[in-house]
Amino acid sequence: MPRVVGIDLGTTNSLVGFLDEDGRPQIVPDPSTESPLLPSAVSRLPDGSFLVGETARRRAVLHPRSSILSVKRFMGLGIEHVDSVDRAQYRFAEDAGPLRILLDAEEAPGTTFALTPPEVSSLILRELKRRAEQAFGEEVLRAVITVPAYFNDSQRQATRDAGRLAGIEVLRLVNEPTAAALAYGLDKQEEALVAVFDLGGGTFDVSLLQLREGLSEVLATGGDTRLGGDDFDRRIVDHFREKLSIEGDDTETFALLVAAAERAKRVLTESPEARVEIPLSGGTRIATLSRGEFTSRTADLVERTLDHCRRALGDAGKSAGDVDHVILVGGATRMPMIREAVKKLFGREPYARIDPDVVVALGASVQAGILSGGTKDMLLLDVVPLSLGIETMGGVLTRLIDRNTTIPAAAREQFTTAVDNQTHVEVHVLQGERELAKDCRSLARFRIPIPRQIAGLPRVEVTFLIDANGILSVSARDLRTNAEHSIEVKPSYGLTDEVIERMLEESFDLAEEDFTARLLIEARTEAETLLHATERAVQGHAGLLDADERAAIDRYANDLRAACAEKDHNRIRDLIEVLNDAGRPLAERIMNASIKQALESKSVGELSE
Amino acid sequence: MPSNADYLALLGFAGRPGIETDELQRRYYDLSRRLHPDRFQTGSAEEQRASVRASALLNDAFRTLKDVESRGRWWLERAGDSLGRENNQVPPRLAAEVFEVQEKLAELRAASGSEREALQSETRGILEALSSRLGDERAAVQSTLEEWPDASAEEEPLGEARSRLKQLLSEISYLRTLERDVRRALEES
């Protein structure tokens with residue numbers, strides 16, 4: 001299997017890594033600066049092209065209206081979730097559907113250019129992909145990407161869409177805290193309860209993981225998407241303003257004050273007092289800040305992080321004393337008072353051996369290694385961060401899958417009709433902990449087709465399935481006829497497949513035949529993977545197939561091989577479907593055989609005890 | 001994925017609801033390792049889908065079985081019975097006790113000054129007694145499940161076991177409500 005990379009797609013910085021031949025995770029640095037970090041900044045140039053990374057971050061200072069610095073905050077949102085803080089920084093298209101950020105089109109003053117957050121993220125991912133491809137000297141097509149544990153379905157979908165737009169197949173979305181634990185190799189421990197305290201630039205996240213014999217299980221997660229290192233900087237800015245009586249409120253003064261605050265904060269990690277120069281337009285001023293002042297100005301922020309920790313402990317049914325290891329993630333955890341507070345709450349020294357800026361990317365690389373088949377003895381069991389339910393009579397949310405349920409997870413619900421000859425039932429899927437649907441986050445709507453009958457007679461069972469990435473899919477079955485219905489789900493804030501296809505086409509700026517060539521390459525690659533998987537499954541489980549089934553699979557596989565030699569990508573796609581369908585019974589039997597085998601080896605073990 | 005799946009059979013405990021949770025956890029982890037989608041990353045799309053479905057069922061089974069109360073409720077339903085709607089009525093064995101507790105809570109709500117303090121500490125005692133009572137009832141559910149007559153048994157012992165389990169579960173459910181009321185009254189006093 002070709003190389004799989006691990007990606008930390010962060011709010012402030014992004015990184016890419018891989019698992020080397022010795023099984024050690026490595027970050028791919030910027031080839032010219034050697035920095036492991038790629039600033040998650042994007043800036044649009046007058047010629048319509050984009051700068052990504054450090055150059056974009058620098059350009060954003062002078063061209064804030066054509067740049068985006070923290071797109072992750074907007075992934076999977078709609079215009080109604082954007083608040084006044086966001087509006088002070090960015091402009092948005094005011095229509096429904098997937099959110100679009102407006103950038104100045106500098107080549108035509110007064111006009112704007114609209115981009116969805118997944119498109120912006122895909123530019124960052126492409127840069128990381130290029131970085132990795134340069135280092136390996138081969139194409140990189142597959143990745144594991146980390147997401148905050150609290151990300152809902154829409155936010156996860158948006159992340160996966162960003163991968164697709166960047167030409168990357170996202171094999172797995174891994175929760176960031178889980179990745180951090182993997183980086184520390186804590187999964188190799190016999191049994192331990194681990195707290196991951198992640199304070200980034202703009203977000204805070206705490207998770208409790210139970211590790212046992214190579215298995216990592218998320219017990220609870222919590223956090224605040226509007227609490228991060230930037231809030232601490234802003235408190236220092238307030239302090240400087242008061243002490244030096246600075247009135248100026250313009251963006252330039254603010255930028256200078258923030259830069260000074262960041263410097264002061266860095267000095268304070270080493271020494272008890274910081275003195276910084278601020279080159280204001282009226283002349284350079286000297287400002288001081290002591291650790292004591294910094295601590296008292298930010299005590300409430302620290303307390304908020306601790307509250308989230310206590311709540312997560314409560315959700316997991318654990319107390320602070322039960323925690324065996326505490327891991328610090330995110331640059332903001334370098335602040336001494338954070339370390340002190342965390343140490344006091346959990347009664348133990350937190351781990352900080354690995355750079356808190358790269359630890360998540362290292363963990364993603366370990367998971368990438370696991371998925372490419374390198375490591376067999378580890379397994380992650382993640383949970384769904386928010387309860388999933390449907391809207392029922394009176395706008396009430398009926399929960400189907402509770403928060404913190406281990407994924408994959410499934411729930412079934414039966415639907416019937418209220419009036420005669422009703423042809424469909426509308427279903428509205430939401431995520432959240434509140435009682436009323438209007439207070440929860442809308443994920444998707446869909447219609448279940450129903451045969452015309454008298455009211456109450458039809459019985460349709462809908463299965464809600466959350467996969468190992470925390471992403472929802474829906475299927476329906478008529479309980480009277482046993483017929484499966486396909487259901488088209490309209491995501492509330494996500495991009496539909498058609499929109500993504502169109503974006504891909506547009507983004508390539510390629511002639512028609514180039515795009516067709518690309519579709520052919522993709523279809524052939526997928527066919528090759530499927531043929532390989534099928535061959536292995538058939539050979540490894542020959543006893544599970546009868547002669548007819550075996551012959552059918554062989555025939556379809558040959559058809560597919562023949563089609564790959566031709567140039568029709570649609571025919572290859574069709575035959576992939578056919579071969580997939582033929583393999584379905586075998587796949588089910590392999591699972592059952594696996595279960596049987598496990599239980600048999602158990603009972604042997606029991607007898608010998 | 002059947003909606004009435006036999007969770008116990010899936011984990012190799014067919015017909016034996018009195019399972020030990022350590023053994024349950026071991027088997028769950030072992031099966032997870034074999035069925036999880038991570039294991040089928042290089043498999044066909046159908047293998048991946050089948051593994052997601054199988055893992056979802058396994059996770060559901062583990063979640064239901066690991067807690068003795070939810071296991072008891074599930075087992076009762078499999079035996080063709082359930083707590084049903086009458087669950088809101090006070091279980092007979094608890095009637096006198098419930099009456100006393102409610103009386104005490106009414107006094108607490110009405111009281112003030114030093115009298116209230118005395119009642120508060122008395123109510124805290126009630127809360128402790130309730131949680132230890134809950135622990136006993138849960139242990140009784142476990143032993144009822146452990147001693148469950150096997151499928152070949154006469155209808156009579158099966159019926160007895162069923163009604164005993166039902167009684168315990170409805171008492172637990174009632175005690176939980178009572179515990180919540182007591183806690184709320186204490187917080188509000």
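In the contact, 32 residues come from chain B and 35 residues from chain A, where two residues are in contact if their C-beta atoms, placed from the backbone, lie within 7 Å. This is a predicted model, in which local features need pLDDT of at least 70 and side-chain atom pairs count only at pLDDT 80 or more, while totals for chains, interfaces and linings use all residues. Residues are numbered from 1 along each chain as its sequence is written, and chains are lettered from A and ligands numbered from 1 in the order in which they are written.

**Exercise 1.** Find which elements give two or more residues to the side of chain B that touches chain A.

*Solution.* Begin with the elements themselves, which are α2 (21–35) and α3 (45–66) of chain B; helices are DSSP runs of H or I with at least four residues, numbered from the N terminus. Next, note that α3(B) supplies the largest share of that side, 13 residues.

**Exercise 2.** Describe how α4 (residues 68–78) and α7 (residues 155–188) of chain B meet.

*Solution.* First, their axes, which are lines fitted to C-alpha atoms over the stretch in contact, with angles running from 0 to 180 degrees between N-to-C directions, come within 10 Å and cross at roughly 135°. Second, α4(B) and α7(B) are therefore oblique to each other, since angles under 35 degrees count as roughly parallel, over 145 as roughly antiparallel, 65 to 115 as roughly perpendicular and the rest as oblique. Third, the contact involves Glu69(B), Gly72(B), Arg73(B) and Leu76(B) of α4(B), together with Leu165(B), Lys166(B), Leu169(B) and Ile172(B) of α7(B).
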